[in-house]
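Biologist: Hi! Could you walk me through this one?
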Amino acid sequence: MNLRIGPESLRFRIIEDELAVLRANGCISGETGVAEMCRLAYTVRLAPSGQRPESTTQPALTLTTVQDAQGMHVTLMLSPAALNQLVTGQAGKDGVREFLTFANGDMLTVGLAVDLHSKKGSEKS
């Protein structure tokens, strides 16, 4: 899983194998060191499937963050409808996105895309 951080945006990018793990296990995670003794952990998790996949009443993506002594953990929650879009290819190459506005007025675009062309994780011939 790749995480791209940009001005006012956060994009998660996974490969097909990771999408399969996400569907089977309900989450995938990664982490990276950003400084000595400081980690950035990130998780993509499936939201509970209490709604039908085609339901659009729940946001496609929600984002939560937790900061502790070891660093920060970012969790991206994927709705059943958004998962359905990714699995069926309806989301397109840019994946699914959500535009968030925080109480202080800051805005952030979050996204999750499946890289269908990556050779990472597949055996080389």
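Modeller: Happy to! Let's start with a term: strands (E, at least two residues) and helices (H or I, at least four) are DSSP runs, numbered from the N terminus. This is a predicted model, where local features need pLDDT of at least 70, side-chain atom pairs count only at pLDDT 80 or more, and totals for chains, interfaces and linings use all residues. Residues are numbered from 1 along each chain as its sequence is written, and side-chain values use heavy atoms, leaving out hydrogens and water.

Biologist: Great. Where is Gln67 placed?
Modeller: Gln67 sits in strand E5, residues 61–68.

Biologist: Is Gln67 buried or exposed?
Modeller: Gln67 counts as exposed because its relative accessibility is 64%. Buried means under 20% relative accessible area, exposed over 50%, and partly exposed in between (1.4 Å probe, protein chains only).

Biologist: New topic: how many salt bridges does the structure hold?
Modeller: There are two salt bridges. The term means a side-chain nitrogen of Lys or Arg within 4 Å of a carboxyl oxygen of Asp or Glu.

Biologist: Why can side chains pair like that?
Modeller: Opposite charges can pair when the charged atoms of the side chains come close.

Biologist: Which residue does Asp115 meet in a salt bridge?
Modeller: Asp115 meets Arg13, at 3.8 Å from N to O. This pair links distant parts of the chain, 102 residues apart: Asp115 is in strand E8 (residues 107–115) and Arg13 in strand E2 (residues 9–15).

Biologist: And which partner does Glu31 have?
Modeller: Glu31 forms a salt bridge with Arg39, and their closest N and O atoms are 3.1 Å apart. Glu31 is partly exposed at 48% relative accessibility, and Arg39 is partly exposed at 37%.
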